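I have a new model open and a notebook beside it. Here is what I looked up, entry by entry.

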Amino acid sequence: MNHRILRIIKAVSCVIINSLLLVVIWVAVLEIFSVWEDNAASSLKLDRCEIALRLLTPLADAGDAQAQDSMAYIYSFGCADVIRSRADAIYWFQRMGRFGIVAGEKEYDPVSIHLLRVAKDYLNGRPGVKADKSESIIWLKWSSERGNKEADAILEEINR
């Protein structure tokens with residue numbers, strides 16, 4: 001066989017092997033992330049929120065929207081051993097960006113939908129969150145300031 005053909009075959013083989021190696025590494029990383037998420041979810045169920053935050057932080061920092069959402073919610077309401085922090089909640093909602101946005105609604109900051117979700121949870125209460133109208137109004141105003149019409153309507157209804 002020609003030496004040139006042998007070099008081409010060798011180069012193609014190297015590319016294929018490197019590609020397969022990258023796939024194996026990527027699958028391993030995804031599995032690690034999955035285990036972290038599972039452990040974080042278990043920690044949250046046991047009210048061990050500090051552990052959940054430690055497990056979620058690398059995922060959230062890497063751009064995992066579900067981890068960012070969980071972090072934002074932990075900070076929105078506080079949780080067992082984690083003190084509520086509006087600033088941290090908003091930070092993680094901003095990192096999430098358009099995750100969960102309803103199609104067709106473009107006239108507002110995408111973060112406003114997440115702020116509205118928190119406001120509704122405070123307004124109506126939910127398991128683990130005591131209804132708190134004054135806290136709800138704070139979150140509704142933030143959502144409204146970012147252009148969310150539904151937040152405007154709820155504020156209008158509250159003020160009647």
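Which residues are exposed on the other side of H7? I find Lys149, Glu156 and Glu157 exposed there. A reminder to myself before going on: this is a predicted model.

I then looked for the buried residues of H7, and they are Ala151, Ile154, Leu155 and Ile158. Looking down the axis of H7, I see these buried residues fall within an arc of 100°, so they line one face of the helix. What do the buried residues of H7 pack against? They pack against H5 and H6.

Next I went to asparagine 148, which sits in the loop between H6 and H7. Is asparagine 148 buried or exposed? I have it as buried, because its relative accessible area is 3% and the cut-off for buried is under 20%. A side-chain oxygen of asparagine 148 comes to within 3.0 Å of the backbone nitrogen of glutamate 150, at the start of H7. The side chain of asparagine 148 also reaches the backbone nitrogen of alanine 151, at 3.1 Å.

**Entry: salt bridges**

How many salt bridges does the structure hold? I get seven. As background, side chains of opposite charge can pair when their charged atoms come close.

Glutamate 150 makes a salt bridge with lysine 120, and their closest N and O atoms are 2.5 Å apart. Glutamate 150 is in helix H7 (residues 149-158) and lysine 120 in helix H5 (residues 111-124), so this pair ties together parts 30 residues apart in sequence. Both ends come out as partly exposed: glutamate 150 at 38% relative accessibility, lysine 120 at 30%.

Then I checked arginine 84 and glutamate 135, whose side chains meet in a salt bridge at 3.5 Å, N to O. Arginine 84 is partly exposed at 37% relative accessible area, whereas glutamate 135 is buried at 4%. I also noted a network of salt bridges that links Arg84, Arg86 and Glu135.

One more pair: aspartate 61 forms a salt bridge with arginine 95, the closest N and O atoms being 3.8 Å apart. Here too distant parts of the chain are linked, since aspartate 61 is in helix H2 (residues 49-61) and arginine 95 in helix H4 (residues 86-96), 34 residues apart. I list aspartate 61 as partly exposed at 44% relative accessibility, and arginine 95 as partly exposed at 31%.

**Entry: aspartate 121**

I went back to helix H5 for aspartate 121. Aspartate 121 counts as buried, at 16% relative accessibility. What does aspartate 121 touch, leaving out residues up to four places away in sequence? I wrote down Tyr73, Phe77, Arg126 and Val129.

**Entry: a nonpolar patch**

Last stop, the surface. Ile5, Leu6 and Ile9 make a nonpolar surface patch of about 250 Å². Isoleucine 9 belongs to helix H1 (residues 3-45), and I have it as partly exposed, with a relative accessible area of 42%.

Note on methods. Residues numbered from 1 in each chain as written. Predicted model: local features only at pLDDT ≥ 70, side-chain atom pairs only at ≥ 80, totals over all residues. Heavy atoms only, no water. Salt bridge = Lys/Arg side-chain N within 4 Å of Asp/Glu carboxyl O. Helix = DSSP H or I, 4+ residues; strand = E, 2+ residues; numbered from the N terminus. Buried < 20%, exposed > 50% of the residue type's maximum accessible area, 1.4 Å probe, protein only. Patch = residues over 30% accessible without salt bridge, like charges linked within 9 Å, V, L, I, M, F, W, Y side chains within 5 Å. Areas by Shrake-Rupley, 256 points an atom, 1.4 Å probe, with all protein chains shown as cover. Polar contact = N/O pair within 3.5 Å; in protein donor to acceptor, adjacent residues only side chain to side chain. Contact = heavy atoms within 4.5 Å. Arc of directions from axis to C-beta.
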